[in-house]
Amino acid sequence: MWLYTFKRLLQGVVTVWFIATATFIAMHNVPGDPLLNDRAMTPEIRANVEAKYGLDQPLATQYFIYLRNLAQGDFGISFTQENRQVNDIIREHFPVSAILGVLAVVFAAAGGVLWGALTAIYRNRLPDYIIMFFVILGISVPSFVVAALSQVSLVNLNSLFGTTVLPVAGWGTIFHMLVPAMVLGLGTMAYLTRLMRSSMLEIISSDFIRTAKSKGVPPARIFTKHQLRNAILPVVTVLGPAIAAITTGGFVVEIVFAVPGLGRFFVEAVQQLDYTVIMGTTVFYGAFLVFMVIVVDVLYGFIDPRMSMK
Amino acid sequence: MTKPILIANDKGFAQSAVKQLGLYAVCTIMGLAVLMYLLSLAAGNTGGGSGISGINVDDNSITITLGQEPPQLDSGRATDAASSSVLAHAMEGLITYDQNNQLVPGVAERWEIREDGATFWIRDDAFWNDSRPVTAHDFVFAWERVVDPITASEYAFILYPIKNAEKINQGELPKETLGVHALSDQILEVEFEQPTPYFDKLVAFFTYYPIREDFFGSTNGRYGADADMLLYNGPYMVTEWVHGSSMLWEKNPYYWSEEKGFLDKIIVSYITTDVNTKINLFKDGQIADTSLVAPMLPQAMEQRWQIDRVMDGTVFFLEFNHREERITSNLNFRKAMSLAQDPNELVYKVLKEAAYLPAQSLFPVWVQGVSEQFRKEYPPREHKIDVLKAREYLELARQELGLDEFPPIVFLTGDTPISLLASEYYQQLYLENLGLEIRIDAQIFKQRLAKMTSGEFDVVMAGWAPDYFDALTFGDLFASWNLNNRGRYSNEEMDKMIRIAQSELDPLIRMDAMGAIQSIIEEDVVLIPMYERGVSFVVDPRLKGLIRRIVGADVDYNYAYIDVSED
């Protein structure tokens, strides 16, 4: 088991290095550079700025300097926010994305399991149809539509009560995170519901359930121990990547609800060609994703004893 | 024979399972509540904190939004609108603008501009927020720092009228040789490189703001990076700054003027680019004002809001690539393209933004001439769409260029909804009227700039926002030496006129030169004017004195106050 974990971690480091290199090459091949601005710089001023950021060095040198700094965990200074370290940007804004993300994942997982189980129990009956209708909706409607619509509903809700029931946008309290988290988790919840439903159905019609029933095991025990526990396995598998995807993919929700998360910096950096922030956020997100996958793989061994035999 | 039992249809089992599930659901919700509580405690450390409401009468405070996080508040290096907006509330230069965009004394109580230089007398009641006086030395330090190559200030060029500034910036002279001296704490003496009659308008720009040397030294290179890394001399001071999230501006008790800074607090609670979010916040009474875009106008009218409009100062135009190898370097071709279009149609039928004006010239409608509007003193040539004549010019161009058929015209544009809409309109228009094929090249900001700079276009949809309140901020755009002249237009007569406009002290001769610049642009079809941008906006009726500006801070809350007397 330890050897397995170590091997996976080593693979992860190589993957992250690959991500860093690919991003570096892609980024420098995009026309334009971070120093271009509305007002053209004189060659002298430009040279001064280039020297400041080390952009006057050959690309290969820049790459090695970059890798060296990366190994020391230093992503450099942002081009657009000249007084801020990329490390500071990540440290200040990732917790926001993470909090929102964790809540969204919990929503998604709890909702997905509950709705999935419910639809399986009521297969091909009215509750199943109603829930599955919303599931299809949740999967197919993009988050920017859901985000905008739910915000308009909040405005209407507040004007109906004549006071702020739930804040329309912003960040800081429990009420601010409720709606954004639900919107952010909606897609994943819908996906997990479907996953849970099919895996539950498979379990329900399997032999050991019939055996358990015929043995006279109490229905509550069958449901919890035999059905839910087995059916939940595939959900746990996709949960790791889902956490990473939700935590890193909240850009739209963050913009709409004015949440100061990292997703906004990630996208704006690409638009602004802010080299250091692009590299910083990409490598950070990449590493995060890789790490979550490894965590799930390792955890899987605990949940499903058959895994660790291999 | 055993019949298979369908468990899913087993009613008793289903009921028990649902009961069980319900139990789990209740547990989950309770768990969620605890989790959310814990998370909100954690979130408390990541900032945020929203205002109570848009207008808070008890607190004498308002809540507003910023479209973007200010990259930094270092006046010497700032370049963008968000920083400029915050700085205009927190700092003050020698001269500033009043409610009617007229120059009024700021830190300087009076000044004198001569042919060879200028003198500013600094008021003795101007203080920093640590109670020490603002002196002439603070300006000398700030300006020397801007032109110092080590600072790498992108706006250093705006100080080039000062003696030796350009040479210092190029590293040829030490920064101490800059033509600016503090004769005493109160008197600031400036030497010019060449006569600069509009210098009073320049010093209102944020790059000219003062910085105190001892404080700057104490920030260890982090000047302007955080709320406590800046010294304030404006009506408000930034007391809290949670990056990307919120700011708090509080009234600066040491500010000298009685006419600014009536609010105790301005809470910048939301930083978001999303206009829909802002209008929702405004509807909910969470913010004091917001800008509107065209699709929102019906909704705003339905709410019976008082909608105001104002020009934001920026002019948009189709800029031709005048490099020799391009088709657009042919004058008849440009004439054809100009005659085949009509900016009125673009603005009123295509863009339909209520606050936009069809542009008639490079010089926008608000520019001042000698004694009144520049446009009245030097009216631009009237433009009429004439497709037949346009086709004649196009035929002439075809012969001159020796072409059988025109290749597709590369039309470089931005990726915003407005630019895409406009470029698709032109694509259709030129195909119909002239049979020209337009190939739209839509690029994001930096890529568009890269292509503009390297000349990879025939026509580019460009805009120009003013830096200072003088016609020259537009007038020198097509000087052959101007780096922002990205189509590389070059004309000796134009250069001559620009030199006069830059250094002539007699306002009449100077504006005549400006008029000549306008005529050359028309004669030579250097560009096709598109529109002057404006904004529609709404303000909470209880907030008075809010100013939208063409140059400087937009939105300007310096003169704003809460008035609940009238309904």
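**Note on the predicted two-chain model**

1. In chain B, strand S6 (residues 117-122) and strand S8 (residues 187-191) pair in the antiparallel sense over five bridges. Strands pair if DSSP finds at least two bridges between them; helices (H or I, at least four residues) and strands (E, at least two) are DSSP runs, numbered from the N terminus. Within this pair, Trp121(B) stands opposite Ile187(B) in S8(B).

2. This is a predicted model, in which local features need pLDDT of at least 70 and side-chain atom pairs count only at pLDDT 80 or more, while totals for chains, interfaces and linings use all residues. Residues are numbered from 1 along each chain as its sequence is written, and chains are lettered from A and ligands numbered from 1 in the order in which they are written.

3. S6 and S8 belong to an open, antiparallel sheet of four strands in chain B, ordered S5-S6-S8-S7. Its edge strands, each pairing on one side only, are S5 (108-113) and S7 (180-182) of chain B. From one strand to the next, the twist averages 15°. Helix H3 (residues 136-147) of chain B packs on the sheet and touches S6, S7 and S8 of chain B; its direction makes about 150° with that of S7(B). Such angles run from 0 to 180 degrees between N-to-C directions, with axes as lines fitted to C-alpha atoms, for helices over the stretch in contact.

4. Elsewhere in chain B, the axes of helix H9 (residues 331-339) and helix H12 (residues 387-401) come within 8 Å and cross at roughly 160°. H9(B) and H12(B) are therefore roughly antiparallel to each other, a term for angles over 145 degrees. Residues making the contact include Phe333(B) and Leu339(B) of H9(B), and Tyr393(B) and Leu396(B) of H12(B). Contact requires C-beta atoms, placed from the backbone, within 7 Å.

5. Chain A has 14 helices and zero strands. Its C-alpha atoms fill a box of roughly 85 × 60 × 30 Å, taken along the principal axes. Of the 310 residues of chain A, 43% count as buried, that is, with 20 or more other C-beta atoms within 10 Å of their own, C-beta atoms being placed from the backbone.

6. Between the chains, 64 residues of chain A are in contact with 68 residues of chain B. On the side of chain A that touches chain B, the largest share, 13 residues, comes from H4(A).

Notes:
Two residues are in contact if their C-beta atoms, placed from the backbone, lie within 7 Å. Angles under 35 degrees count as roughly parallel, over 145 as roughly antiparallel, 65 to 115 as roughly perpendicular and the rest as oblique. A residue is buried if 20 or more other C-beta atoms lie within 10 Å of its own, exposed if 12 or fewer, and partly exposed in between; C-beta atoms are placed from the backbone.
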